[in-house]
Amino acid sequence: MQASSVNLPDYEQFCASFSWAQAWRELAGMGDGRLNIAFEALDRHMGTEVAERTAIRFMPRDSQTPVDISYRALNERAARFANVLQDLGVRPGERVYGLSHRIPDLYAAVLGTLKHGCVFTPLFPAFGPEPIRQRVEIGEPAVLVTSERLYRKKVADWVADTPSIRHVLLIDQLDEAPPGTEDAASLMAAASDQYATRAMDPEDPALLHFTSGTTGKPKGALHVHEAVVNHHMTGRYVLDMHPGDIYWCTADPGWVTGTSYGIIAPLTNGVTMVVDEAEFDAERWYRIIQDQKVAVWYTAPTAIRMLIKLGPELPRAHDLSSLRFMASVGEPLNPEAVIWGRKVLGKPFHDNWWQTETGGIMISNYASMEVRPGSMGKPIPGVEAALARKTETGIELITEPDETGELVLKKGWPSMFRGYLHQKEKYRNSFVGDWYLTGDLARRDADGYYWFVGRDDDVIKSSGHLIGPFEVESVLLEHPAVAEAGVIGVPDEIAGETVKAFVALKPGYQADERLRKELMGLARKRLGPAVAPRQIDFREELPRTRSGKIMRRLLRARELGLPEGDTSTLESGGAQ
Ligand code: AMP
């Protein structure tokens with residue numbers, strides 16, 4: 001594409017004149033400073049040519065024939081869902097959780113929930129029952145939208161113990177609705193396809209996304225309707241979406257990327273988004289890009305690494321010339337992946353960085369800018385990033401190039417999270433003065449490009465998913481044989497990291513293969529395959545601090561043969 005037709009032809013110039021007020025003006029708004037994410041995604045397009053355009057090109061799991069859903073049809077389905085909520089007495093502000101595979105009515109449910117002024121929380125369908133139950137207990141949804149299969153497998157056993165849930169709506173009911181559930185399709189069929197989308201205050205909550213921390217339970221990051229300013233702006237100027245583009249974000253809406261860039265940004269920008277129901281399959285993916293003529297592709301390093309491993313023959317057997325802009329997020333993108341993209345697909349991958357708390361892309365490589373392989377790029381217009389070191393009293397910004405520090409962002413971009421649900425202090429502690437502390441370590445080169453160095457905590461990134469070690473340890477500790485458990489991430493060529501657990505047994509238990517299998521089985525059943533450990537090692541005892549905390553850092557250093565660092569707080573009995 002010619003630089004002139006790129007939405008952001010000159011980064012420096014654009015940054016110099018950019019303001020969030022200007023980005024606001026690119027939205028339709030609902031008068032008096034009010035807005036609604038769903039209005040920007042759908043209603044604003046009605047009465048324009050976009051209404052008849054395909055919003056979702058759905059690729060069913062078992063078929064190669066796509067099903068197209070227009071903006072108008074999606075708007076009507078979302079309106080039906082909003083009316084169902086209203087008819088069930090669900091009030092604006094209440095929470096609706098979604099646990100579903102990628103099927104069109106999941107998207108209608110998200111947008112219908114927002115139309116009605118409720119808060120939507122997506123859950124990853126590969127979670128086991130435990131992470132789902134935990135997130136339900138914290139967020140207390142009034143409604144759970146799910147499928148019959150997922151309901152029977154992951155929810156039915158415990159849902160009676162969660163009084164907040166007044167309605168379980170099955171969006172793909174197969175047989176008779178199990179007791180305690182309702183058939184969403186029938187309710188939607190009976191509801192009106194007209195709904196006056198509620199005009200929300202920009203600060204009204206819209207989305208609650210869970211993210212994993214080092215200790216304790218998952219944290220619920222709250223996002224408000226104003227976040228759409230960011231989504232729209234980054235969709236346009238960072239991912240370079242042009243109206244009518246065929247766009248494919250491979251992330252599941254169970255994660256923040258799959259919502260911000262798998263639902264909101266593409267719809268506000270009037271593109272056609274591919275929604276593939278199936279899981280990763282290299283041949284299928286290349287075929288989708290070829291047959292659907294995908295122009296903008298947003299994917300993740302784990303997937304790219306799998307594609308690379310399978311070799312260049314497969315992509316060369318497909319016509320991928322429709323690809324105009326390719327981006328990647330979620331974990332560090334190896335320089336080789338950028339170079340491979342250029343060589344084999346004809347375009348580089350543009351790495352970008354953000355996290356659940358930031359709600360949208362914060363640092364990125366741009367279509368009009370030279371990609372430095374291995375770098376996350378530069379802050380988006382309107383966002384001030386810096387590197388900081390901690391001091392006795394707070395933080396001090398690093399000004400010299402190439403120094404490593406914690407990545408910090410100046411408060412105030414529209415999609416910034418507005419709180420951790422029920423955890424005011426944790427939220428407060430994420431800021432020092434005007435700066436939000438990301439928990440990631442990075443460095444900046446002399447030209448202003450940011451380079452990811454690592455995380456400043458024990459959280460594990462596996463296949464792009466954050467996993468809190470504590471969640472995994474807690475499940476292992478439920479087994480009667482387990483006295484102590486310590487969980488770390490170990491490097492993996494494809495997934496970035498995989499989960500490894502160290503377990504010390506109670507007296508009288510035998511550390512053998514049978515027990516290892518039993519523990520693996522327990523973890524997979526409770527946590528789901530995305531979160532469960534891939535390896536479990538037995539130890540006599542685990543290294544602990546004098547205050548009793550398991551030193552995951554030390555477990556990791558020993559496992560990987562790294563320097564052990566400061567062990568002054570190590571309890572003496574904890575040596576390996
Ligand atoms: P999540 O909140 O699940 O989206 O995870 C956010 C975390 O993923 C960040 O804090 C980083 O540790 C990591 N991450 C996201 N994007 C990148 C990237 N481009 N390069 C390196 N790490 C990344």
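Visitor: How far is an oxygen atom of the ligand from an N or O atom in the side chain of Arg455?

Guide: This is a predicted model, so to speak only of what it covers: local features need pLDDT of at least 70, side-chain atom pairs count only at pLDDT 80 or more, and totals for chains, interfaces and linings use all residues. Residues are numbered from 1 along each chain as its sequence is written, and side-chain values use heavy atoms, leaving out hydrogens and water. A polar contact here is a pair of N or O atoms within 3.5 Å (within protein, one must be able to donate a hydrogen and the other to accept it, and residues adjacent in sequence count only if both atoms are side-chain atoms). For the Arg455 side chain and that ligand oxygen, the distance is 3.1 Å.

Visitor: And how much of the ligand does the protein bury?

Guide: Lys461 also reaches the ligand, with a polar side-chain atom 2.8 Å from an oxygen atom, and a polar backbone atom of Asn352 is 2.7 Å from a ligand nitrogen. Taken alone, the ligand exposes 490 Å² (by the Shrake-Rupley method with a 1.4 Å probe; for residues, only the protein chains shown count as cover). Of that area, the protein buries 95%.

Visitor: Which element gives the most residues to the shell around the ligand?

Guide: Helices (H or I, at least four residues) and strands (E, at least two) are DSSP runs, numbered from the N terminus. The top giver, with 3 residues, is β14.

Visitor: How many charged residues are in that shell?

Guide: There are 16 residues around the ligand (a heavy atom within 4 Å), and Asn352, Gln355, Thr356, Asp440 and Lys461 come nearest. Ala, Val, Leu, Ile, Met, Phe, Trp, Tyr, Cys and Pro count as nonpolar, Asp, Glu, Lys and Arg as charged, and the others, Gly among them, as polar. The shell has 7 nonpolar residues and 4 polar ones, and the charged count is 5.

Visitor: Which strands stand at the edges of the sheet of 9 strands?

Guide: Strands pair if DSSP finds at least two bridges between them. This open, mixed sheet runs β2-β1-β11-β10-β12-β13-β14-β15-β16. Each edge strand has a single partner, so one side is left without a neighbour in the sheet; the two are β2 (67-70) and β16 (378-379).

Visitor: At about what angle does helix α14 run to β14?

Guide: Helix α14 (residues 335-345) lies across β12 (296-299), β13 (325-329) and β14. Angles run from 0 to 180 degrees between N-to-C directions, with axes fitted to C-alpha atoms, for helices over the stretch in contact (heavy atoms within 4.5 Å). Against β14, the helix runs at about 150 degrees.

Visitor: Which residue in the turn between β22 and β23 has a positive phi?

Guide: Strand β22 (residues 435-444) pairs with β23 in the antiparallel sense over 5 bridges, and Arg444 stands opposite Tyr450. The two strands form a hairpin with 5 residues between them. The turn residue with a positive phi, about 90 degrees, is Gly448.
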